[in-house]
Amino acid sequence: PFGNCTLKPGMAAGKGKGHAFRAGKWIRREIAVVLWFLLCFHIAFYKKRETFLRNGASCRKKARCLRERAVAPRFQRLRGGEKVAAKATDAVLQASEAISPDAQPVKGYDFNNGTNFDALFNSFENHGFQATCIAKAINEIKKMLELKRKKNITIFLGYTSNMVSCGNREVIRYLLEHRLVDAVVTTAGGIEEDVMKTLRPHYMGSFDLSGRVLRKKGHNRIGNLLVPNENYCLFEKWVTPFLDSIVDEYTSVETRTLRKIPGSRLQLKQLHRGDSSFPEWQISLVVDDDTFQSRPLESVVAIDGVLVNSMLKNTLQLERIFGPLAGNQSTNFAKMGLRDVTVDVSVSSSPLPITPSEMISKMGRLVNNTESILYQAYKNDVPIFCPALTDGSVGDMIFFHSYKRPGLVLDIARDLRQINELAMNANNTGMLILGGGVVKHHICNANLMRNGADFAVFINTAHDFDGSDAGAKPDEAISWGKIKLDADPVKVCGDASFIFPLIVAQTFAKYVESERRGLREK
């Protein structure tokens with residue numbers, strides 16, 4: 001057999017030539033098909049081989065890339081090649097300019113050197129954060145004290161009432177005892193709590209004590225401090241006679257008898273309609289004559305010998321003079337036929353009303369306690385200004401007293417002029433302010449009158465994001481002209497209850513010690 005073709009019998013040589021021809025043609029065709037098939041197989045095989053080899057090289061390349069990516073920097077994996085990598089390198093590894101030769105490295109205190117507190121505070125300058133601010137504040141105050149040694153600076157101290165509530169009261173008292181500051185601005189609480197602590201102490205409590213429970217017990221909480229209501233009762237007993245003395249000192253009353261004065265009249269005014277049996281009335285003398293207009297005639301004492309008060313409940317006595325009473329009325333002397341009227345004439349023993357600072361000074365004299373801030377201020381003639389004196393327990397007592405004995409007048413305008421002139425007349429000024437609010441602004445505003453303070457240290461926990469004056473940084477005060485352009489002010493963000501004593505220990509206390517050593521050497 002040959003392929004699928006088999007010679008049939010009878011197909012011998014010489015026989016059946018046509019059949020032999022056809023068989024050979026068929027065989028040739030079969031061979032051609034086989035050859036064509038082999039050629040196609042060969043071509044396909046080599047193409048597959050080439051693809052396989054190419055894919056193998058690609059896999060090897062990928063494996064190599066993975067190995068390189070494992071150790072290559074991140075920027076070398078970015079698309080775009082070396083140009084992108086170079087751009088990213090420039091962005092991340094920005095070239096540094098040379099550090100200033102004066103720059104100091106960050107370094108804390110090494111306690112292997114022992115507990116040297118002077119060295120510890122000196123290290124704060126390179127410690128960082130608020131420790132560095134404390135070091136700058138210490139240096140700023142030292143500059144103030146150098147000028148104070150030469151008597152060439154006026155230092156303003158401001159503090160809020162909580163500084164007197166806590167142990168900073170003794171620190172502030174120390175400054176006034178040695179006259180280390182020249183003027184003080186505080187709040188009403190800073191006045192009253194100093195007096196209260198001379199009568200009875202405040203007590204330690206906790207921030208977590210319930211306000212409802214404390215209210216029922218009559219205890220007032222200031223942070224983690226407690227102030228019993230009894231302290232305020234003692235303060236009221238102390239301050240009421242004091243207010244009486246102020247009224248007595250600054251106003252006196254003399255009695256004069258005025259006969260029938262042409263154009264004069266008695267005026268009756270019903271002040272309060274309470275119990276109909278005891279209505280309250282006020283009698284006042286009105287004089288139209290120009291010669292009497294300058295006299296401060298305030299209240300009627302007696303009419304035709306009948307004693308009356310400025311606040312009257314004796315309706316029978318009034319009806320004897322005025323007739324039947326009905327509301328407000330005014331009666332002319334001539335129509336009444338009165339012989340004489342005796343009146344109170346208020347005469348001030350001082351040309352001007354008392355100022356808050358004068359009143360505070362008198363409080364310090366009355367306290368007469370060396371542990372008191374007010375007493376040390378009075379003793380060393382340091383004015384304490386309190387522009388918001390009525391905003392506290394002092395204001396409550398003045399309010400209650402005004403019903404018992406009216407007449408107290410406080411002149412805040414003279415105090416304003418005095419503190420502004422202290423700043424304006426000073427060669428240099430320094431501000432040391434604990435807290436914010438009215439005390440901070442009052443001192444800063446006084447220094448505005450001289451185009452800014454030369455030195456300033458603020459210690460508080462307030463922030464400037466809400467635009468409050470309490471949280472304003474010193475740079476904001478520069479924009480207003482409250483601190484000079486060439487000044488180097490400092491703000492320490494922190495609790496002054498512990499920061500302030502640390503600063504005083506490194507500045508004012510050392511100044512006092514050096515002054516004492518100087519006196520001993522002399």
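Predicted model: local features only at pLDDT ≥ 70, side-chain atom pairs only at ≥ 80, totals over all residues.

Residues are numbered from 1 along each chain as its sequence is written, and side-chain values use heavy atoms, with hydrogens and water left out.

**Aromatic rings**

- There are seven aromatic pairs in the structure; rings of Phe, Tyr and Trp (its six-membered ring) pair if their centres lie within 6.5 Å, and planes under 30 degrees apart count as stacked, over 60 as edge-to-face and the rest as tilted.
- One of them is Tyr109 with Phe111, an edge-to-face pair at 4.8 Å centre to centre and 85° between the planes.
- Tyr109 is buried, at 15% relative accessible area, while Phe111 is exposed at 55% (buried means under 20% relative accessible area, exposed over 50%, partly exposed in between, with a 1.4 Å probe and protein chains only).
- Tyr375 and Tyr378 sit three residues apart, about one turn, in helix α14 (residues 373-379); helices (H or I, at least four residues) and strands (E, at least two) are DSSP runs, numbered from the N terminus.
- The ring centres of Tyr375 and Tyr378 are 6.5 Å apart and the planes meet at 50°, so this pair is tilted.
- Tyr375 is buried at 13% relative accessibility, and Tyr378 is partly exposed at 36%.
- Phe235, Trp238 and Phe242 make up one aromatic cluster.
- Over at Trp480, the charged end of Lys482 sits over the ring, 5.2 Å from its centre (that takes NZ of Lys or CZ of Arg within 6 Å of the ring centre and within 35 degrees of the ring normal).

**A buried loop residue**

- Thr355 lies in the loop between β13 (340-347) and α13 (356-367), and with 2% relative accessibility it counts as buried.
- Its side chain makes a polar contact of 3.2 Å with that of Ser357; such a contact is a pair of N or O atoms within 3.5 Å, where within protein one must be able to donate a hydrogen and the other to accept it, and residues adjacent in sequence count only if both atoms are side-chain atoms.
- Leaving aside residues up to four places away in sequence, Thr355 touches Asp411, Arg414 and Asp415 (contact means heavy atoms within 4.5 Å).

**One side of a helix**

- In helix α19 (residues 496-506), the buried residues are Ala496, Ile499, Phe500, Ile503, Val504 and Gln506.
- These residues cover an arc of only 165° around the axis, which puts them on the same side of α19; the arc is that of the directions from the helix axis to the C-beta atoms.
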